[in-house]
Amino acid sequence: MERIQQALAIVLYAVLCLAGCGVTTSGGTKVSDIDYTVVEEEKIPKELLEIIEEKKAMDFKFTYEAGDDFYIVRGYGQQETGGYSIAVDEIYLTVNAIYFKTTLIGPGESAEIPKAPSYPYIVIRTAKQSKNVIFD
């Protein structure tokens with residue numbers, strides 16, 4: 001009888017341990033597109049611009065809320081020269097999050113490239129969201 005109780009206790013313990021080890025997906029399947037605007041520097045809220053200024057030398061990704069607006073910010077840190085731009089590859093809603101993918105585009109070969117360091121970043125504005133952002 002004692003062996004049966006020990007075996008049941010071991011099985012119960014194993015089941016409880018496995019129950020805590022579930023597989024969670026990020027809900028990466030696209031549910032819908034998101035309407036957004038790329039915000040020009042002069043239209044970025046002052047407080048947000050101050051945060052960007054503090055972080056600009058390093059690679060950064062963050063969100064910011066102001067009123068009914070939700071900002072998604074992606075910076076690529078210090079680059080050796082100017083002439084960089086950022087493309088929004090994808091931005092959409094999933095079941096659990098907002099998926100946001102960008103690409104840093106280097107200066108063109110024929111372009112006159114400023115020799116001073118640059119700090120490329122992009123600010124996207126959309127309607128307030130209650131979801132986390134997955135940066136890719």
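## A pair of strands

Strand β2 and strand β7 (residues 121-127) pair in the antiparallel sense over 2 bridges. Two strands count as paired if DSSP finds at least two bridges between them. Val 38 stands opposite Ile 124 in β7.

This is a predicted model: local features need pLDDT of at least 70, side-chain atom pairs count only at pLDDT 80 or more, and totals for chains, interfaces and linings use all residues. Residues are numbered from 1 along each chain as its sequence is written, and side-chain values use heavy atoms, with hydrogens and water left out.

## The sheet

The open sheet has 4 strands in the order β2-β7-β4-β3, with antiparallel pairing. Its edge strands are β2 (37-38) and β3 (59-66), each pairing on one side only.

Helix α2 (residues 46-55) lies across β3, β4 (69-76) and β7. The helix runs at about 165° to β3. Such angles run from 0 to 180 degrees between N-to-C directions, with axes fitted to C-alpha atoms, for helices over the stretch in contact.

## The whole protein

The protein has 2 helices and 8 strands. Helices (H or I, at least four residues) and strands (E, at least two) are DSSP runs, numbered from the N terminus. Along the sequence, the pattern reads α-β-β-α-β-β-β-β-β-β.

Of the contacts (heavy atoms within 4.5 Å) with a separation of 6 or more, 69% join residues 24 or more positions apart.

## Surface and interior

Buried residues make up 28% of the 136 residues. Buried means under 20% relative accessible area, with a 1.4 Å probe and protein chains only. The accessible surface comes to about 9,300 Å², and 53% of this belongs to carbon and sulfur atoms. Accessible areas come from the Shrake-Rupley method with a 1.4 Å probe.

How values were computed:
Buried means under 20% relative accessible area, exposed over 50%, partly exposed in between (1.4 Å probe, protein chains only).
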